[in-house]
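Please consult the sequence and the model shown here.

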Amino acid sequence: MSSQKDRWVSSFSFLLFCASSIPTWGSARLLQELSPQEYFSSLQAGRASLAYFSHNVSPGAQPFLEQIENSAEALQDYGISVVKVICPKEDVSRYCGKENALRKAYLFSALLFNEVKYVETLADLQNIENTLKGRLNMVFAYVPATGTAEHRAVMEAAFVYGTVHQFVLTTEAALLKATGDDEPDVSSARLLFCHCQRATDLAQPCRRTAMGQALTMLNIHRHLKLMGAPLVTEVAEDPEKVSTVHLQLGLPLVFILSQKETYEADRRTAEFVAWQLLGKAGVALLSRDLVDLNILLRSNVALKTPDEGVPIKYLVLEDTDEVITLVEDKSKVKQIQEDEEEEEEDEDEKENKNQDIQDDQVVEAVSRDKKRELPLEQIIVLTEETFHSALMETARMVVLFYASWEAVSLAVLRSYTEVADHLKGTQGVLLSRVNCWDWPGICTEENVTQFPTIKIYEKGERSVMYNGMWGTEELTSFIMLSRVPCPLKLATIEEAEGYLRGEFPSELSSYHHTSLLGVFSTATSEAREAFEEAGSILSGHVTMGMYFEDDALTLSRKYAVSPPALLLARSGGQSVEGITLSKQNAQDMVQMIRYELLDIFPEITVQNLPRYLQLRKPFLILFSDDDIGQIESKEMLKLAKGRPQQEFVACWLNLKKTPVGRGVLKAYFATTPSLPVLVWVNFHAGGQVFKFPSEQSITELDILSWLEKLKAGLEVPSSTLSDEDWKPPLPAYNFLQMMETAVPELPLHTPQHHGDTPAAQHPPESPGGDTTAQEEPSRETKAEKMTSPGRDLRGTAPRLAAREKQGKRHSEL
């Protein structure tokens, strides 16, 4: 008999009885004498046989053989044949090779022989696994010895489940250790459920789930029932009414809260958790969109216990490790809830005490308003799975890249929700968001090195990044203006004239005040190309048109300029200014356009102040408690137009619209002067502040005379500003490096689950800077998407108002 056949047979037999000595074989008419090969090939389904294995004949065994002969006829009536198996001398297999084996007789069932396989080596086990992959699951059991209670329990389970799963048995302790148990207790039986039906790669072993209970028939039945349940159950009803096999068997049920925008990521997270808790708890995916849950939006996990009358616990957890701990440590639920309540009380108390010493006003504002839930229904959530497809399917996609724990991001998100409300129903524009804390791979691919960042993507072409102010009005204007090609090519003189009057395109007339038209002849192609490149850079911030037809010279002569030229239409086309285009470089042209678009006598606001500060000129500011009078306005406008603008910025500030101006005046003067008041201040040279004499009228001539005295050094400054640099209170910190530290690479517990690629370590750029858009190169299809959920519960809930562990105050960072 081959050694493989010996191994198979030995595992599916149990000891019938033992003799005290080796018998001598006599002649018996009902006793068959067969070789091992003949015996095992003669086994038939549904038939059983009593086999005695022997190398030679021993005279002292005659009484034993007589008993077998006497019983052969009776056993035949029950369908059991009696066989003597003659072992060859060279056969040293389990039945023929061991001395104690020759003292036993075995009852073999052909049914169990086919359903239960015995293995002694890891190679045998792997061969069986490979034949089962994609077809059947395997139940692998280790028992210290055959004939034990655990062995019988496995055999009984094989009778019940043999048609559903392949049963494999071993008594080899070395094989148990080879399956992954570092320090197996060889004195205790073990059972592993091998999920071969889900495996398709022959190079990878089947995933295994160990049974933690003793090997009894009841426990095996319970374990197999759990293994047969769905890995993740999708729920679309009140979770209080949900009942699964886990709850019925006394195990808890974990709900991963999901939403349609992050369904794929949530599904993977739920599957990851389910594999870790297999046999310990059930996992369900609960959709917020299909169930009206009266819970906090930030909750991302719920726990239902099998105990009657115990309500479902809704929690905010950071990663999947906390979910696993939650199930394994029953006291963890109460501890988490108590910690959340205590932390919230401590933070509220601390914030109330420290409001006056907060060193970061943005963090303070966000922290003070942290319990406010944001209306995010109009903003699409993008994940690693949906990002690239969404961009390709949408004509114009606005994407906010942010970090859910970072204060400036949350402040901008509030403005972003207001923009979404303003643009609700606007055709061709979709607003979306990507949480870089959850999806660092996307942000790295898109070269997002600071938070927040807003980009507008045109389908399959280019992206434009917004670098302006974060107010609702500015964001809305940028999004709407970016819908129009920049520059907009006009075909006729009538279209060009209408464009200068603000009639084309009419739907955007409320989002800009100055139109700029480039006029080019066929001989000025170089200037035209530079103008087109400048338009792509300024897209979203200015309305630019371009006319280069054969009759372009006729249009330019009307405004006393020659191509290439710029025509600036201010105040809806009431006045058109012609400017010769001498710059041929795109960047120089951008700078010139920015300068020409500045108002002659602007009202200074928080939003536009950076643009005028960049000129690095002295300011002549008229402070007023409301709109300035017609006389003062006329005289200041004459002054601004009459003097070369290269010398200073003539402007005014309405304290009613911009209350921060009162603080400016307090910094300039010991006591706030009566309004209106005219002030000269040079921020970039000395910081001296001069006050125009209140007894004089604000007229062009009086102001010019006063300025001459200032120039001659005949006036005494009212105050001098400090020369201290305006810097952040603390150094900048590397957001992406913090993310990389907080989201480590997932260890390879199993070959199927790899960790997420951490974000690249790019230092963030300083916020602010240039206030116009920067065009990025054309986008190509990105690299393959990440497919594993990692350990963080990303995407399961917006968590925008939540108290993140990393969300500390600026001073603490």
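The model is predicted: local features need pLDDT of at least 70, side-chain atom pairs count only at pLDDT 80 or more, and totals for chains, interfaces and linings use all residues. Residues are numbered from 1 along each chain as its sequence is written, and side-chain values use heavy atoms, with hydrogens and water left out.

**Helix packing**

- The axes of H19 (residues 525–538) and H21 (residues 586–597) cross at roughly 60° and come within 8 Å.
- The crossing of H19 past H21 is right-handed.
- On H19, the contact (heavy atoms within 4.5 Å) is made by Ala527, Ala530, Phe531, Glu533, Ala534, Ile537 and Leu538; on H21, by Ala586, Gln587, Met589, Val590, Ile593 and Arg594.
- By class, 10 nonpolar, one polar and two charged residues form the contact of H19 with H21.

**Strand E4 and its partners**

- Strand E4 (residues 80–86) is largely enclosed by the rest of the structure, because five of its seven residues are buried (under 20% relative accessible area, 1.4 Å probe, protein chains only).
- Strand E2 (residues 32–34) runs parallel to E4 and is joined to it by three bridges; Glu33 has Lys84 in E4 as its bridge partner.
- Strand E3 (residues 48–54) also runs parallel to E4, with seven bridges joining them; Ala48 has Ile80 in E4 as its bridge partner.

Key:
Axes are lines fitted to C-alpha atoms, for helices over the stretch in contact, and angles run from 0 to 180 degrees between N-to-C directions. Helices (H or I, at least four residues) and strands (E, at least two) are DSSP runs, numbered from the N terminus. A crossing is left-handed if the near helix is turned anticlockwise from the far one by less than a right angle, and right-handed if clockwise. Ala, Val, Leu, Ile, Met, Phe, Trp, Tyr, Cys and Pro count as nonpolar, Asp, Glu, Lys and Arg as charged, and the others, Gly among them, as polar. Buried means under 20% relative accessible area, exposed over 50%, partly exposed in between (1.4 Å probe, protein chains only). Two strands pair if DSSP finds at least two bridges between them.
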